[in-house]
Amino acid sequence: MGDVVLMHFTTADYVIFALLLVASTGIGLFYAFSGGRQRTTQEFLMADRSMSCLPVSLSLLATFQSAVAILGAPSEVYTFGTQYWFLGCSYFLGLLIPAHVFIPVLYRLRLSSAYEYLELRFNKTVRICGTVTFIFQMVIYMGVVLYAPALALNAVTGVDLWGAVLVMGLVCTLYTALGGLKAVIWTDVFQTVVMFAGQLAVIVVGASQAGGMAEVWRKAVNGSRISGLDLNPDPLERHTFWTLGVGGVFLMLALYGVNQAQVQRYLSARTEKEAVMSCYVVFPCQQIVLCLGCLMGLVMFARYGEDSPLDKGYVKTNDQMVLYFVMDVFKDLPGLAGLFVACLFSGALSTISSAFNSLATVTMEDLIKPYFPNMTEAKATLLSKGLALVYGLVCLAMAYLASIMGSVLQAAFSIFGMVGGPLLGLFCLGMFFPWANSTGAVVGLVAGLAMAFWIGIGSFLMRMSDSMPVPPLNTTALPLFDNMTATVMTTLVNATRPRLRRSGVEALYSLSYMWYSAHNSTTVVVVGLLVSLLTGPMKEKDLTPGTVFPVMGTLLFFLPERYKEKLCCVTPLSTPQKSKEIQPYQMAKKDGNGAALCKEDTVTEDKEMESDRAQTEEEDDLETRAALPSCQLAGHTVEETVF
């Protein structure tokens with residue numbers, strides 16, 4: 001085993017890296033001093049709900065394509081082959097369901113925070129529980145996502161560790177706090193282009209040095225790195241078609257369906273149609289990103305074969321191996337290594353800027369505004385900017401904590417994956433099961449989080465106590481997969497040693513990390529429904545119109561009407577109870593943009609609301625005369641009943 005080999009940056013590399021930071025800051029300053037100059041919370045937190053489809057979709061992509069994923073996917077494919085590519089199969093349902101279920105419901109309710117939905121559907125307690133869970137998840141996560149790539153870069157190139165962390169953290173905080181969501185989205189677009197350019201450069205140059213793509217493919221086939229379709233249904237197997245293609249759907253839903261960072265982007269779109277289209281545009285982009293990661297791993301294998309830099313001792317961990325490969329490929333091409341590092345840090349910047357902005361939004365909308373309803377718009381905007389700044393500084397503090405936590409760093413990443421599933425379960429409980437009540441929602445969320453931490457910590461401790469040698473849990477051993485979804489604790493360790501058959505509780509601890517989200521969200525739904533039925537299910541008249549997606553009425557079409565009424569299976573939108581309750585839905589329908597009302601618009605809005613009320617009463621009168629049993633409406637199409 002040799003000593004760790006340091007590669008060095010050239011001046012051209014530093015110049016390209018600096019250009020990334022300058023351009024990102026420039027975009028933030030542009031939006032700080034142009035247009036509305038971020039004077040309202042609507043502009044600062046929601047980009048005035050004026051964004052078009054393309055920037056929203058590229059921002060959706062960039063938010064969850066972080067440095068960890070850029071480093072992780074190639075090393076996964078290099079080590080284990082292309083089985084990981086089947087994750088692409090989960091993108092179909094993982095993006096179609098948010099586009100046609102979550103976006104229509106959330107967009108029409110004219111929300112700023114996804115957790116406002118929980119108050120409309122359940123009550124304030126459930127909203128606060130959801131918000132606090134999300135803040136806990138993001139705060140732990142964002143420091144690690146900033147520190148991790150800087151640590152890998154420092155290990156391979158000797159670039160000053162804390163210099164890189166501070167520069168990235170401060171630049172990101174600056175443009176997020178000054179330019180608001182518009183700056184975050186447009187820097188994401190720029191950073192996505194840089195990410196694609198950096199990865200493409202590595203693949204093109206690396207493949208040509210290896211003798212062309214045909215030669216790369218030949219070596220991969222000979223080295224058994226091209227995987228076939230593994231249909232093994234065992235949920236304990238780390239990667240099979242089912243764990244990736246089906247378990248991955250739940251991971252995607254936790255990200256693209258209910259995560260505030262993504263929901264905020266949907267809600268910033270000009271119209272509901274543009275929000276839905278952005279989901280469709282993300283799909284091919286996600287497939288391209290996945291293919292680039294897999295191709296990079298195959299090019300690495302063509303260069304090193306089974307004799308990896310990790311085995312030779314040139315680097316200590318998998319993520320460093322990818323950086324070593326990049327520096328090795330570009331050693332005679334000044335500037336290109338800088339481009340890849342810019343690509344790497346674009347991933348980190350886009351993720352943490354989204355974290356700052358979404359955290360500022362939920363803190364403002366869920367924890368401050370409800371208790372200070374008379375706060376002026378100017379004060380609220382200033383406070384929102386202050387919150388973004390504070391979260392930026394918290395991120396640097398968390399990066400420092402990550403540096404002293406050692407192997408606990410992996411557990412920090414795991415917490416992110418563990419919390420995503422229960423939050424998905426909470427939203428599904430509210431959106432699909434009309435009889436679920438607030439008690440069931442709170443108990444279900446607590447049960448889901450308890451289950452998540454039990455499995456996560458149990459699997460971690462099981463491996464720690466195992467007599468078999470385990471790869472060192474080094475501070476840079478990061479997750480191999482989409483950073484926001486991966487639960488690290490079952491990845492590197494499980495993959496690098498023989499599979500032992502477990503039984504009982506140990507089998508639960510050995511569950512593939514790809515099933516965590518599905519398992520934990522199902523726990524929330526099952527417990528939530530049982531508790532709701534025991535404590536008195538929700539009645540149809542108590543539901544806020546527009547908060548339930550009418551899937552149950554359609555699925556349970558065979559039940560007698562009296563049972564359907566008991567189970568509250570009729571969409572509340574079809575028979576609104578009071579004009580007051582339906583106001584958010586009516587307003588959203590009337591104003592496609594969904595922009596929230598400014599104080600000066602209230603007089604005009606009152607007049608409009610009067611005409612809305614009159615119209616609603618007229619419709620109610622007609623419905624009463626028609627005297628249709630409400631359950632008959634349940635069989636209608638989704639468009640007729642909800643939208």
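Colleague: How long is the polar contact that joins the side chains of S113 and D366?
Modeller: This is a predicted model, where local features need pLDDT of at least 70, side-chain atom pairs count only at pLDDT 80 or more, and totals for chains, interfaces and linings use all residues. Residues are numbered from 1 along each chain as its sequence is written, and side-chain values use heavy atoms, leaving out hydrogens and water. A polar contact is a pair of N or O atoms within 3.5 Å; within protein, one must be able to donate a hydrogen and the other to accept it, and residues adjacent in sequence count only if both atoms are side-chain atoms. For S113 and D366 the value is 2.7 Å.

Colleague: Which backbone nitrogen does the side chain of S113 reach?
Modeller: S113 sits in the loop between helix 5 (90–108) and helix 6 (116–121). Helices are DSSP runs (H or I, at least four residues), numbered from the N terminus. At 3.0 Å, the side chain of S113 reaches the backbone nitrogen of Y115.

Colleague: Is S113 buried or exposed?
Modeller: Buried means under 20% relative accessible area, exposed over 50%, and partly exposed in between (1.4 Å probe, protein chains only). S113 touches Q260, V362, E365 and D366 (heavy atoms within 4.5 Å), not counting residues up to four places away in sequence. Its relative accessibility is 0%, so S113 counts as buried.

Colleague: How many residues of helix 11 are buried?
Modeller: Helix 11 covers residues 260–267. Among its buried residues are Q260, R265 and Y266.

Colleague: At the start of helix 11, which residue's side-chain oxygen reaches to the backbone nitrogen of A261?
Modeller: A261 is one of the buried residues of helix 11. The oxygen comes to within 2.9 Å of that nitrogen, and it belongs to N259.

Colleague: How are helix 1 and helix 15 oriented to each other?
Modeller: Helix 1 (residues 11–32) and helix 15 (residues 336–368) pack at about 30°, with axes 7 Å apart. Axes are lines fitted to C-alpha atoms, for helices over the stretch in contact, and angles run from 0 to 180 degrees between N-to-C directions. Angles under 35 degrees count as roughly parallel, over 145 as roughly antiparallel, 65 to 115 as roughly perpendicular and the rest as oblique. The pair is therefore roughly parallel.

Colleague: Is L19 buried or exposed?
Modeller: L19 lies in helix 1. Its C-alpha is 9.9 Å from that of L339, 320 residues away in sequence. With 53% relative accessibility, L19 counts as exposed.

Methods: Helices (H or I, at least four residues) and strands (E, at least two) are DSSP runs, numbered from the N terminus.
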